[in-house]
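Colleague: I am new to reading protein models. Please walk me through one, feature by feature.

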Amino acid sequence: MDNNTTLSLYALNNMVRNAISEAMPARYWVAGELSEVREASSGHCYFELIERDEATSAIVAKARGTIWARTYTMLRPYFLEQTGQRFAAGLKVLLQVTVEFHELYGYSLYVCDIEPAFTLGDMARQRQMIINRLTEEGVIDLNKELPFPALPQRIAVISSSYAAGYGDFCDQLASNPYGFVFYPHLFAAPMQGSKVESGIIDALYRIADNIDAWDVVVIIRGGGATSELSCFDTYNLANNCAQFPLPIITGIGHQRDDTVLDVVAHTRVKTPTAAAELLIHTVARQAAILDTIGSNIVSAVGEALTAQKNRLRAIVQRLPIATFLLLQQQRHRLDLLQQKCEAHSPKRILALGYSLTTCGGRVMRSVNDAKSGDVIETHLSDGTIISEVK
């Protein structure tokens, strides 16, 4: 073609289209990050694929892409089943594409297939990077090291107020077969979407404002889509939970590998109902221990009473003999005292030849006690002599 030939835009674009078609006739596997994803009412999926510089994170390449409805109808559930994630912005993906150029719409990628393992690998790598960071900072096991309360009845629940799992959790606690009383209180937070991280962290702050009012924190989600679990794989959320001063139980309701939040939590269970069962069984174990202690106390008191009864019975059996011996001892003592008294009695002294002189009823101990004219009485063993002092 002559250099002076003027081409229409359509003609130029047509030449580009033919050149690309001839140069790139095959299908190619291309890796990138989804930056925009839009599902049209027609069933087609339109997206933008980008590549970032590893050092600066600056975008170094970009391309528009399309998945036709017929293909997307098959790929979308397959990708969700394999990865647990919706085909959404922010994911790293490996796509099999054809490269095409349209005179009107320009350069575009048309997806033929997708490799979920690539996305799973990237998600796992991101989670592992966060876990490694928490480990290096020495906080990953802090919540696990907290002692779990023996009677966890005052429960701070972080969940959506609309979540079916929250209702299931409360119903399970209220209908426990032991009749235990629990006091759950909801700290509402979104459990899916971009606000999960900030919502849960805000709820933790509210709980911390009155930390002594609660025994444990339960984060439950039940009923949400599995594809929304990536919001629980963030560093800030895991870091706040790992360092929270109360034990945290997670019951996010999924079967796949643990999220980072599950890794740092004190105890991880699969569902809200399982979280309620954990609390019920914990209280039941303590109640069983208390029942055993009570039984032991009753048994010990019974044994002590039996021993004292036997002791009293033995004392009662020995009491007549002991009383008889004591009376005999006291009789002998009284006999001795009587003998001493008789030995020192005035009658006995008078019988030995002594006399006792009184004047006016008073004993006379000296001749100086007598005066001329006094009437005195002299007491002898066999009578009394009355005399007048001259």
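Predicted model: local features only at pLDDT ≥ 70, side-chain atom pairs only at ≥ 80, totals over all residues.

Colleague: In what order do the five strands of the barrel close?

Modeller: Strands of a sheet pair through backbone hydrogen bonds, either parallel or antiparallel. Strands (E, at least two residues) and helices (H or I, at least four) are DSSP runs, numbered from the N terminus. Two strands pair if DSSP finds at least two bridges between them. Here the barrel order is β1-β2-β3-β5-β4, with mixed pairing. Neighbouring strands of this sheet are turned by 55° against each other on average, direction ignored. Axes are lines fitted to C-alpha atoms, for helices over the stretch in contact, and angles run from 0 to 180 degrees between N-to-C directions.

Colleague: How many bridges join β4 and β5?

Modeller: Eight, in the antiparallel sense, between β4 (residues 92–102) and β5 (residues 106–114). Contact means heavy atoms within 4.5 Å. Helix α1 (residues 9–23) lies across β1 and β4, running at about 130° to β4.

Colleague: Which strands form a hairpin with two residues between them?

Modeller: β13 and β14 do. β13 (residues 375–380) and β14 (residues 383–388) pair antiparallel over six bridges. E377 has I386 of β14 as its bridge partner.

Colleague: How many cavities of 30 Å³ or more does a search of the whole structure find?

Modeller: A cavity is a set of points, on a 1 Å grid over the protein atoms alone, where a 1.4 Å probe fits but cannot get out; lining residues have an atom within 4 Å of a point. The search finds one. The volume of the largest cavity is about 40 Å³. Its lining includes I67, Y72, F87 and I114. Helix α2 gives the largest share of that lining, four residues.

Colleague: Is T250 buried or exposed?

Modeller: Buried means under 20% relative accessible area, exposed over 50%, partly exposed in between (1.4 Å probe, protein chains only). T250 has 0% relative accessibility, so T250 counts as buried. T250 is in strand β9 (residues 248–251). The side chains of T250 and D262 make a polar contact at 2.7 Å. A polar contact is a pair of N or O atoms within 3.5 Å; within protein, one must be able to donate a hydrogen and the other to accept it, and residues adjacent in sequence count only if both atoms are side-chain atoms.

Colleague: Where is T306 placed?

Modeller: T306 is in helix α8 (residues 272–343). T306 is partly exposed because its relative accessible area is 42%. A polar atom of the T306 side chain lies 2.9 Å from the backbone oxygen of G302.

Conventions:
Residues numbered from 1 in each chain as written. Heavy atoms only, no water. 1 Å grid on protein atoms, 1.4 Å probe; cavity = no way out; pocket = protein on both sides within 12 Å on 5 of 7 lines; lining within 4 Å. Points joined across faces, edges and corners; volume = space filled by probe spheres on them.
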